[in-house]
Amino acid sequence: MISVSNVSMRYGGKILFEDVSTTFQPGRRYGLTGPNGAGKSTFMKLLSGELEPQKGTVVKPKKLGVLKQDQYAFDRFRVIDTVIMGNLPLWTALEERERLYEKPDLTDEDGMRLGELEGVVAEEDGYTAEADAATLLDGLDIPEPLHARKMGELQGGQKVRVLLAQALFGNPAALLLDEPTNYLDLESIHWLQEFLTRYQGTLITISHDRHFLNAVTTHTADIDYQTIITYTGGYDDMVLQKTQVRSRIESENSQREKKIAQLNEFIARFSAGTRASQVMSRKKEVERLQTTELARSNIARPYIKFEMKRPSGKTPLEFKDVVKGYGGHAVIQGFSASLQRGQKIALMGRNGVGKTTLIKALLKNAPGNDDPDVAIDSGAVEWGHEAQVGYFAQDHRGSIQNGTTAEEWLHAWEPQASREEIRGLLGQMLFRGEEGAKPTDALSGGEAARLMFCKLMLQKPNILVFDEPTNHLDLEAINALNVALQKFDGTVLLVTHDEDLLDEVATRIWHFTGDGKIEDFIGPYEEYKTAAVGR
């Protein structure tokens, strides 16, 4: 169990939470929700002990699994050892035992200490530690040949999965997972969902993946109104309950305000007359009926709407026998497809199987786009009549020029746009007031992503290409993107591991199987899953 009592945190004049008291029970899985900047990561650091509360106390179990955010902290250690470090008492005992065994001569004191250490190793299941760690790594798609490699040799996404295995190692009494699905492919996310639903301890997770939260969590702890309110159920259940509570209070307030107006009218008419006792009675009734003050929510919802300057031709893109490889290995082996205007194609498959490679190769020399630098090895790519492409790259932060402001950078893409139009778009994407003057090199990951959406809304292309657009977005922004893509009349190519986006947006699936082959399924994701089970 984890309990928080009268905890307050503020930075300058900004209050994150005030006098918060709540308990996280064993056997329950909590989603910690709230918009970017609400204090989710700060609260997680309070729970883990990384931060001390400015006021109040936090009580937590001795064995706590925490997903580390620093990908480089373990670069000099082997992958398997990094996982075992998730059980610090065991790792400390193993290291000390190894140092003692390296001594040329052991004293009686050393022998006694070795006995104590062997007791710790046995108690912490140390004799099966490497096998247990390997099982976790295999489930997270870290193959056995990498287990003995140094962490510094792994790619960023692989490091995240190893750190996730570290948090899960050793059967901790409570798990604190901050964005555990970041950089995970869909198969790894499904494995994690199954693992966590079997977990018997206390789970608290921050995630911007709505489907993951709905699949895993039994309760939702929502940071809003400078406090934390816990709701029963997943994210969608929380939104419904929260909306119902606020609607009920607003309705009650409306009724009270009508009654107060009637009472005040009576008081005004008869306050100077002979009905003093009735006037006094009504004044007390007014005091009793004072409306419940509704605190202002800190949730901010962006508004995304993709429009086209003009539609493309009926076939905006056609390609045949596309081949692309690296170092003699063909990542894409002879894939052909013809896109129809208005289709929304989801590219799915495990990390590293070629989704981004295909996107960049197809976009080489695409009309209205000059970002990608990858060309196909062979095959033919033909863009259709009036095709205009808008591209959101996975590494989109690098495509935003530094040394300027958000407003200036955006205006450079459409010099004919008025200042009011530019500021209007920035406002839609939550750049309020003078925030449009923010230097581009000071933008957070979420702000950079929202600025890219501004660019696409300004340019109004008829083909949208998104490569992992949700990585730095909060749930409100992801939901807004979901709705905008569903309503967009043009063509979409979408690389994502967000299952709700796949389920609600895609009308066609390209599934990368990992051997250079791509399955092309015309139909929504739900139908694709049904067909895949039948094969």
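**The second largest pocket**

A: By class, nine nonpolar, 16 polar and eight charged residues make up the lining of the second largest pocket. The model is a predicted one. The space in this second largest pocket comes to about 900 Å³. It is lined by 33 residues, and those closest to its centre are Gln 155, Asn 351, Gly 352, Thr 356 and Gln 394. Three elements, α6, β11 (329–339) and α11 (355–363), each give at least two residues to this lining.

The largest pocket can be described in the same terms. It holds about 1500 Å³ of space. Its lining has 49 residues, with Pro 35, Asn 36, Gly 37, Ala 38 and Ser 41 closest to the centre. Two or more lining residues come from each of β2 (14–24), α1 (40–48), α6 (156–168), β6 (174–178) and α14 (445–459). Sorted by class, the lining of the largest pocket contains 18 nonpolar, 16 polar and 15 charged residues.

Ser 312 sits in the loop between α10 (276–288) and β10 (317–326). With a relative accessible area of 5%, Ser 312 is buried, because buried means under 20%. Leaving aside residues up to four places away in sequence, Ser 312 touches Arg 341, His 385, Glu 386, Ala 387 and Asn 462. Glu 386 also forms a salt bridge with Arg 310, and their closest N and O atoms are 2.7 Å apart. This pair links distant parts of the chain, 76 residues apart: Arg 310 is in the loop between α10 and β10, and Glu 386 is in the loop between β13 (378–383) and β14 (389–392). Arg 310 is partly exposed at 39% relative accessibility, and Glu 386 is partly exposed at 32%.

The whole structure has 30 salt bridges. One of them joins the side chains of Asp 236 and Arg 210, at 3.4 Å from N to O. Asp 236 belongs to helix α9 (residues 235–270) and Arg 210 to helix α8 (residues 210–216), so the pair ties together parts 26 residues apart in sequence. Asp 236 is partly exposed at 36% relative accessibility, whereas Arg 210 is buried at 17%.

Another salt bridge runs between Arg 423 and Glu 407, with the closest N and O atoms 3.5 Å apart. Arg 423 is in helix α13 (residues 419–428) and Glu 407 in helix α12 (residues 406–412), so this pair ties together parts 16 residues apart in sequence. Arg 423 is partly exposed, with a relative accessible area of 38%, while Glu 407 is buried at 14%.

Technical notes. Residues numbered from 1 in each chain as written. Predicted model: local features only at pLDDT ≥ 70, side-chain atom pairs only at ≥ 80, totals over all residues. Heavy atoms only, no water. 1 Å grid on protein atoms, 1.4 Å probe; cavity = no way out; pocket = protein on both sides within 12 Å on 5 of 7 lines; lining within 4 Å. Points joined across faces, edges and corners; volume = space filled by probe spheres on them. Helix = DSSP H or I, 4+ residues; strand = E, 2+ residues; numbered from the N terminus. Nonpolar A, V, L, I, M, F, W, Y, C, P; charged D, E, K, R; others polar. Buried < 20%, exposed > 50% of the residue type's maximum accessible area, 1.4 Å probe, protein only. Contact = heavy atoms within 4.5 Å. Salt bridge = Lys/Arg side-chain N within 4 Å of Asp/Glu carboxyl O.
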